[in-house]
Amino acid sequence: MSALSERVGGGAAVRIGVVGLRHGARHVAGFQATGGVARVNAVCDLDTARAATAVERVAGCRAVPWEDMLDPELVDAVVVSLPNDLHADYARAALEAGLHVVVEKPLCPSGVQARELAALAEERGLVLAALHDFRVEPAHWAARQLVLSGALGRVYAVRTRWLRRDNAPGGWYRDRDRAGGGVLLDLGTHRVDLALWMLGFPQVTTAHATTSRALLERRADGGDVEDTAIAYLELEGGVAVHAEFSFLGHLPRAEDVLLELRGTEGALRVANVGDSYRDYELTVFRGEGGVHEQTRYAQLPEAPSLYSDFAAAVATGAAPACPGEQAATVAELVDRLYTAANR
Ligand SMILES: NC(=O)c1ccc[n+]([C@@H]2O[C@H](COP(=O)([O-])OP(=O)(O)OC[C@H]3O[C@@H](n4cnc5c(N)ncnc54)[C@H](O)[C@@H]3O)[C@@H](O)[C@H]2O)c1
């Protein structure tokens with residue numbers, strides 16, 4: 001038994017450090033809400049005001065320089081919630097310091113770097129996870145349980161999209177060297193991950209994509225990333241996947257997020273509600289001989305918390321909800337789609 005599992009077995013919390021506190025502030029709150037399973041011991045941000053706010057909110061938490069966070073006496077695990085180009089270096093440094101790591105999506109903007117990280121974690125016997133948070137969104141979680149139960153029969157077609165009418169993030173997100181890509185990487189990573197995860201990560205036999213920056217290039221601050229991406233995948237067994245993503249577009253809805261799976265025994269659809277990308281509904285369809293049945297799930301079963309899940313993985317060595325090696329497979333596929341799009 002490791003010193004960590006002994007400590008946790010004795011009732012101690014898994015000690016977390018969080019680097020990057022803009023979106024990362026959510027992760028501080030998330031770990032603090034695990035009912036004592038985990039606690040945030042240290043935070044780090046170049047923006048000292050953000051670090052001070054986090055420290056004010058969490059009793060016993062310290063703001064530290066990054067080098068000081070790499071101390072197994074201070075933390076057991078690190079959350080990397082930095083701009084994409086920093087993910088690989090920060091995650092690698094933490095793993096090399098003997099710390100478990102969870103990284104915001106995309107695990108890395110390069111598939112090669114992502115695979116190297118997964119291999120390093122494996123070699124060191126450390127947990128590497130990615131924050132593919134849609135997996136534990138209740139409607140998506142319930143959809144996967146349905147697929148696993150066989151309720152859809154053999155799934156032969158998938159459609160997914162995340163179309164935003166006017167929501168292109170700025171700053172480093174528009175700089176390909178820093179972000180690694182545009183909407184395909186930023187929003188597509190989530191949706192491609194869901195499609196593969198629902199089906200148990202089958203081999204991708206064909207990967208085509210077309211990207212466009214027709215709208216961003218008209219803006220003075222448009223940067224050099226794509227605002228639209230359309231992809232077609234074929235999975236082993238002949239499953240067809242159609243995927244579409246946009247930051248901008250003359251679109252009927254401000255926010256349109258969809259996952260549709262069609263199988264031999266039924267189909268399901270997880271769609272966002274209104275203009276929110278946080279609220280989803282799950283509908284199952286069945287029909288034969290002109291009789292069509294449609295069931296909307298009024299009540300969804302509870303999904304796990306990514307934070308408790310990661311802490312449990314760190315404490316017990318169990319696989320986390322989104323293991324680094326699956327996130328690496330997604331990063332490799334996104335690379336492949338960019339190559340197919342000729343960019
Ligand atoms: N899962 C999701 O839904 C979701 C949503 C938003 C962002 N993200 C991901 O989270 C990551 C962070 O995105 P963001 O929007 O918060 O970025 P951001 O640029 O808005 O914030 C990054 C934070 O990190 C700090 N920082 C930057 N460089 C640093 C360094 N070297 N050392 C310490 N602190 C540093 C900045 O001061 C800032 O507070 C990205 O990978 C992004 O893709 C995921």
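The structure is a predicted model, in which local features need pLDDT of at least 70, side-chain atom pairs count only at pLDDT 80 or more, and totals for chains, interfaces and linings use all residues. Residues are numbered from 1 along each chain as its sequence is written.

The chain contains twelve helices and 14 strands. Helices (H or I, at least four residues) and strands (E, at least two) are DSSP runs, numbered from the N terminus. The radius of gyration of the chain is 20 Å, close to the 20 Å that the globule rule gives for 343 residues, so the chain is as compact as a globular protein of that length. This radius is taken over C-alpha atoms, and the globule rule is 2.2 Å times the number of residues to the power 0.38. Along its principal axes, the C-alpha trace spans about 65 × 50 × 35 Å. Of the 343 residues, 47% are buried. A residue is buried if 20 or more other C-beta atoms lie within 10 Å of its own, exposed if 12 or fewer, and partly exposed in between, with C-beta atoms placed from the backbone. Among contacts with a separation of 6 or more, 69% are between residues 24 or more positions apart. Two residues are in contact if their C-beta atoms, placed from the backbone, lie within 7 Å.

The largest nonpolar core has 108 residues. Such a core is a set of buried Ala, Val, Leu, Ile, Met, Phe, Trp, Tyr and Cys residues joined through C-beta atoms within 7 Å. Val43, Val78 and Val101 have the most contacts inside this core. Not counting residues up to four places away in sequence, Val43 touches Gly17, Val18, Leu21, Val28, Ala51, Ala54, Val55, Cys61 and Ala63.

Six of the six residues of β1 (residues 14-19) are buried. Strand β1 pairs in the parallel sense with β2 (residues 38-44) over six bridges, and Val14 stands opposite Ala38 of β2. Two strands pair if DSSP finds at least two bridges between them. Four bridges also join β1 to β4 (residues 77-80), again in parallel, with Val80 of β4 as the bridge partner of Val19.

Together, β1, helix α2 (residues 24-32) and β2 make a right-handed β-α-β unit. A crossover is right-handed if, with the strands pointing away from the viewer, the path from the first strand over the helix to the second runs clockwise. In α2, the buried residues include Gly24, His27, Val28 and Phe31. The elements covering the buried residues of α2 include β1, β2, α3 (48-57), β4 and α11 (306-316).

An open sheet of eight strands has the order β8-β9-β10-β7-β11-β12-β13-β14, with mixed pairing. Strands β8 (204-212) and β14 (291-296) stand at the edges, each with a single partner strand, so one side of each is left without a neighbour in the sheet. The twist averages 10° from one strand to the next. Axes are lines fitted to C-alpha atoms, for helices over the stretch in contact, and angles run from 0 to 180 degrees between N-to-C directions.

Within this sheet, a hairpin joins β11 to β12 through three residues. These two strands pair in the antiparallel sense over five bridges, and Leu261 stands opposite Leu268 of β12. Strand β12 (residues 267-272) is in turn joined by six bridges to β13 (residues 280-288), which runs antiparallel to β12. In β13, Val284 is the bridge partner of Leu268, and Leu282 is that of Val270.

Two helices lie across strands of the sheet. Helix α10 (residues 188-198) lies across β7 (155-164), β9 (228-235), β10 (239-246) and β11 (255-263), running at about 165° to β7. Helix α12 (residues 324-340) lies across β8 and β9, at about 60° to β8.

Lys105 is placed in the loop between β5 (100-104) and α6 (111-124). Lys105 counts as buried because it has 22 C-beta neighbours inside 10 Å. Leaving aside neighbours within four places in sequence, Lys105 is in contact with Ala130, Leu131, His132, Thr189 and His190. The C-alpha atoms of Lys105 and Gln326 are separated by 12 Å, although these residues are 221 residues apart along the chain.
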